[in-house]
Amino acid sequence: MQHGKYRFIVGFLVVPLALYTLFVIWPFVQSIYYSLTDWSGLSPEFGFIGFDNYTRLFEDEIFWKSLQHSLTFAVVLPLVTVGFALFLAFMLNVGGRRRKGAAVTGVRGSSFYKIVYFFPQVLSIVIVALLFQFAYNPNSGAINSFLKAVGLGSIQPDWLGDPNLALICVMVVLVWSTVGFFVVLFSAGMASIPRDFYEAALLDGANRFTTFFRITLPLLWDTVQSGWIYMGILALGAESFAVVQIMTVGPNGGGPDYSTIVMPLYVYQKAFRDGQAAYATTIGVALLLVTLAFAAVVMKLGRRERLEF
Amino acid sequence: MKTTDTPPTGDAQIPAPRAAEGPAVTKVAAPVKEKREGGVLNVFSHGVLIIWAIMVVMPLLWAVMTSFKTDRAIFTSPWSLPDALHFDNWSRAWTQAHMSEYFLNTIVVVGGSLVGTLLLGSMAAYVLARFEFPGNRFLYFLFIGGMSFPIILALVPLFYVMQNMALVNTLHGLILVYIAYSLPFTVFFLTAFFRTLPTSVAEAAFIDGASHTRTFFQVMLPMARPGLISVGIFNFLGQWNQYLLPTVLNTDPDNKVLSQGLVQLAVSQGYKGDWSGLFAGLVMAMLPVLAAYIVFQRQVVAGLTAGAVK
């Protein structure tokens, strides 16, 4: 198979590689270089200023806010989403009425539930954000009018307009839109666990809860861990940008009073609103470090001996 | 990340219908005790599951319902059914609010980039999976490295790269960028897939005198179809729903794609007070995707969950 092999390899790789290098790799490399300059993005001239942008980060209060909110997202969102999804997947797979001789049984209609739970995953995050923005509307939104209707008219929060609630409102939307995906993912993992394991546990007198914690969860560990990282990267990246930028108040989102600003949105605002492209890439580099650190911590904490089955 | 239980043939990731009913153990062990535990748990789990199902479906149904109401009714009684089906909301959104143009732009961009992604992605993946050459590993990791970096970091310089090439605010520029940013996952997924295909068929074709290129297009690509479908669905939804890239790189009002258009609609209809038109637009964007999902449910789930096992 040597004949013309290298010509073929080069011929097949050149276009994808050129496109990928030009639009992905090259901008990444450039952004690290730009973070050491005073480039505004508006004019082609700029000078090299060393680590000035990085020292500026330390004094930038809004940057610290965005970092704090992004870290909150990266810790809270995977915890809530993965935890809740595991709970629902557990209910789907073991909550069934006990059938003859079955150790654990799935509920009736579990495939129906899975179809419904997956709905938000196929919808654009934009649609989800706009729907919830309207639901959160303090005057005539669905949530406050529901509260009125059930006799809780005295509780009419300002939701996205309240600096103390806005961030939570945003997180609720992200949880709502991602839980179903993980339910389906974990259910598939649970279904691939051999049934004799449950049989054996049952003979030893274990009940459903014990089997979940002693059999299902350990065997599902790899899936849970990758789901955890997946959710964290999503919470640090484009998804949180879209939800915050669309839903929250203020020009380009992040309000009220920067109470919902997250790192990717701050990068966007600095680069394309304030004309501080170099400083924006500096924030971007910080975001890259946070993302890598997050993945490293999860891998480290989640390290277990791999169970083959 | 998993070694044993998920071959990358999408289908395997969906539990078989039997498995969805829960692991049904054979009649060896028949527990007589704890009969009631099962009953209570069953009621509880159905309760929880139904509540969450309602919470998922409710906002969507509410949006559909609202899209048929008058603006006055939306504000005065958000939860009541519409007094009549106001289809004029829909026609207003379709024509005046430019929804038709947004749809067309999105179809052009996603169509072009999906074909490009699958073609270029499978070419690169095939070479990386089946040929030994110096630098193979390096290129592979260069490609998949792109999966874990925050896109926003590259976007600032990317904007100016594209501006210099006169690609900003053009649909073909957006297509090229979509392809470039879809390559990491596509190459990763398809490389694994091509490795699972038997080598003997390609060798036989080659011995029969087919060139490498011909072997790829006439023998390997048809064999890789299940993998192409999975990764194609994954990319289709990702590109159809893409918001970050067009927001930065495509700000020309005439070229807006659907996701941007909806945000634009929310702003402009908000000024006009035309909320019913906005909801009609939202539902219009929502229904085709939901309908396609329900029809191709198995493939969609397989395609999307494949993305998490990276």
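UniProt positions are quoted here in the numbering used for this model, with feature names shortened, and the annotations may be inferred rather than shown by experiment.

**Ground rules.** I am working with a predicted model, in which local features need pLDDT of at least 70, side-chain atom pairs count only at pLDDT 80 or more, and totals for chains, interfaces and linings use all residues. Residues are numbered from 1 along each chain as its sequence is written, while chains are lettered from A and ligands numbered from 1 in the order in which they are written.

**Entry 1: record versus model, chain B.** I looked up the UniProt record first. Its unreviewed entry puts "domain: ABC transmembrane type-1" on residues 103-296 of chain B. In the model that span is 80% helix and 0% strand, and its end C-alpha atoms lie 21 Å apart. For secondary structure I use DSSP runs numbered from the N terminus: helices are H or I with at least four residues, strands are E with at least two. The unreviewed entry also marks "transmembrane region" at 43-64, 102-126, 138-161, 173-194 and 275-296 of chain B. I checked two of these. Residues 43-64 of chain B come out 100% helix, with end C-alpha atoms 31 Å apart. Residues 102-126 of chain B are likewise 100% helix, and there the ends are 35 Å apart.

**Entry 2: confidence.** The model scores ipTM 0.84 and pTM 0.83.

**Entry 3: chain A overall.** I count 14 helices and zero strands in chain A. Its C-alpha trace spans about 80 × 75 × 30 Å along the principal axes. Of its 309 residues, 51% are buried. My cut-offs: buried is 20 or more other C-beta atoms within 10 Å of a residue's own, exposed is 12 or fewer, partly exposed is in between, and C-beta atoms are placed from the backbone. Among contacts in chain A between residues at least 6 apart in sequence, 67% join residues at least 24 apart.

**Entry 4: the core.** A nonpolar core here is a set of buried Ala, Val, Leu, Ile, Met, Phe, Trp, Tyr and Cys residues joined through C-beta atoms within 7 Å. The largest one has 181 residues, and those with the most contacts inside it include A:Ala129, A:Val170, B:Ala124 and B:Leu282. Helix α8 (residues 166-191) of chain A gives the most to this core, with 17 residues. I followed A:Ala129: beyond four places in sequence, its contacts are A:Val173, A:Ala242, A:Val243, A:Ile246 and A:Met247.

**Entry 5: helix α10 of chain A.** This helix (residues 208-219) has twelve residues and reaches 15 Å from first C-alpha to last, close to the 16 Å expected at 1.5 Å a residue; the expected span is 1.5 Å times one less than the number of residues. Which of its residues are buried? They are A:Arg208, A:Thr211, A:Ile215 and A:Thr216. These cover an arc of only 85° around the axis, so they sit on the same side of α10(A); the arc is taken from the directions from the helix axis to the C-beta atoms. They pack against α3 (61-94), α8 and α9 (195-203) of chain A. On the other side of α10(A), A:Phe209 and A:Phe213 are exposed.

Entry 6: A:Trp159, not a glycine, has a positive phi of about 40°. I found A:Trp159 in the loop between α7 (142-149) and α8 of chain A, and it counts as buried, with 21 C-beta neighbours inside 10 Å. A:Asp257 also has a positive phi, near 55°. A:Asp257 lies in the loop between α12 (238-247) and α13 (263-272) of chain A. Is A:Asp257 buried or exposed? A:Asp257 is exposed, with 12 other C-beta atoms within 10 Å.

**Entry 7: B:Lys256.** I placed B:Lys256 in the loop between α12 (244-249) and α13 (258-272) of chain B. B:Lys256 is buried, with 22 other C-beta atoms within 10 Å. Its contacts beyond four places in sequence are B:Tyr102, B:Asn105, B:Gly261 and B:Gln264.

Methods:
Two residues are in contact if their C-beta atoms, placed from the backbone, lie within 7 Å.
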